Amino acid sequence: MKKKLLVTGFGGFVAGSVIAHAKDDWEVHAVDRIDIPEKQNGINYYSLDLLDNEKLTKLFKEINPDAVIHTAALADIDFCQNNQEIAEKVNVGVTKAIADLCGQSGAKMIVCSTDTVFDGKKGMYTEEDSPNPINFYAETKVKAEEIVGALDNSVVTRLSLVMGLPVMGSGNSFLAKTITKLKLGESVKFPANEIRTPVDVITLGSSLVELAENDFTGIIHLSSNTRINRFEMAQQIAEKLGYSKDLIIASDSNAMEGRAPRPNDASLDNSLAKKELNTPMRTLMEGLELTMNFKLEK
Ligand SMILES: NC(=O)c1ccc[n+]([C@@H]2O[C@H](COP(=O)([O-])OP(=O)(O)OC[C@H]3O[C@@H](n4cnc5c(N)ncnc54)[C@H](OP(=O)(O)O)[C@@H]3O)[C@@H](O)[C@H]2O)c1
């Protein structure tokens with residue numbers, strides 16, 4: 001009998017890849033607040049607002065998962081800065097509710113945190129480095145990390161900027177939006193001040209599912225082997241895909257009015273992931289190739 005995996009936020013960018021990687025080996029249960037998709041592909045979908053604690057508890061107990069990959073969140077940094085109450089409820093409150101349920105049942109909980117828990121003054125952060133959030137989104141993620149980290153059977157994954165095309169559904173992919181604009185010959189702005197280690201969504205989905213299966217517990221950084229600023233990243237991607245790199249315009253995200261502050265260098269050291277996971281950590285270009293060619297087997 002297959003083990004049961006609960007994935008939250010199935011309509012999201014990361015969850016689509018998680019579900020694609022889990023669907024053959026796990027009995028997958030997937031929840032989001034959007035309508036369930038027409039094509040089920042053997043996945044058990046549920047439409048539920050995770051803020052509804054009563055319904056969440058009932059569903060969790062019915063499924064009784066062996067592991068949970070919690071991707072659902074309010075992940076827009078500026079939205080969270082301007083809507084702190086709801087950001088706290090979703091990113092901290094929902095995480096706490098799921099952590100409590102996992103604590104009671106013994107299910108392994110894997111949560112998606114972010115490279116932006118760091119202040120960006122140092123770069124190449126390891127799991128030993130202390131977070132120092134500089135915007136509200138990151139503050140909620142640090143609280144979520146602490147809640148999940150307090151469980152015995154849990155993993156806090158810190159994701160670098162996620163690069164790739166959505167595997168299922170739509171998902172919030174900067175690459176998909178960029179390609180649409182480049183096809184039309186339109187220019188696209190990318191911040192040159194933000195240095196990241198962008199991880200492709202396929203490597204990420206595979207890593208998260210592996211962490212649900214293996215015995216690793218604790219904090220782990222999931223990032224590529226390429227440390228690069230977002231402007232140069234976009235230039236390299238545009239060139240590789242056959243577009244003019246002149247369409248990529250450099251900006252400074254911390255000079256734009258009304259935006260939440262971003263860490264400058266939030267690059268992550270992925271040595272631990274390389275040691276603990278069978279999924280290889282890749283370069284930006286290897287990740288690009290993987291996501292452009294990934295086909296979902298039905
Ligand atoms: N993408 C990145 O570059 C990146 C980098 C670092 C960390 N992360 C973290 O990785 C995780 C996944 O990111 P992502 O890019 O896949 O985000 P995403 O595309 O925004 O997906 C999140 C999903 O969660 C759903 N959700 C939010 N609140 C919910 C609620 N109350 N009930 C049910 N579903 C709810 C969202 O629905 P709505 O669309 O309706 O809100 C969305 O479908 C997040 O925790 C994010 O913070 C992402």
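Does A144 count as buried or exposed? Please bear in mind that the model before you is predicted. A144 has 27 C-beta neighbours inside 10 Å; because the cut-off for a buried residue is 20 or more, A144 counts as buried.

As for its setting, A144 belongs to helix α5, which covers residues 136-149. Leaving aside residues up to four places away in sequence, A144 touches N91, V92, T95, V111 and S113.

Let me turn to the ligand. The shell around the ligand holds 24 residues, of which G9, G12, A72, A73 and C112 come nearest. Two elements, α1 (13-22) and β5 (108-114), each supply at least two residues of that shell. The largest share, 3 residues, comes from α1. In terms of class, the shell comprises 14 nonpolar, 7 polar and 3 charged residues.

Finally, I come to helix α8, residues 230-240. Which of its residues are buried? They are R230, M233, A234, Q235, I237 and A238. On the spacing of such positions, an α-helix has 3.6 residues a turn, so residues three or four places apart point the same way. Just after α8, G242 adopts a positive phi of about 90 degrees.

Technical notes:
Residues are numbered from 1 along each chain as its sequence is written. This is a predicted model: local features need pLDDT of at least 70, side-chain atom pairs count only at pLDDT 80 or more; totals for chains, interfaces and linings use all residues. A residue is near a molecule or strand if its C-beta atom, placed from the backbone, lies within 6 Å of it. Helices (H or I, at least four residues) and strands (E, at least two) are DSSP runs, numbered from the N terminus. Ala, Val, Leu, Ile, Met, Phe, Trp, Tyr, Cys and Pro count as nonpolar, Asp, Glu, Lys and Arg as charged, and the others, Gly among them, as polar. A residue is buried if 20 or more other C-beta atoms lie within 10 Å of its own, exposed if 12 or fewer, and partly exposed in between; C-beta atoms are placed from the backbone. Two residues are in contact if their C-beta atoms, placed from the backbone, lie within 7 Å.
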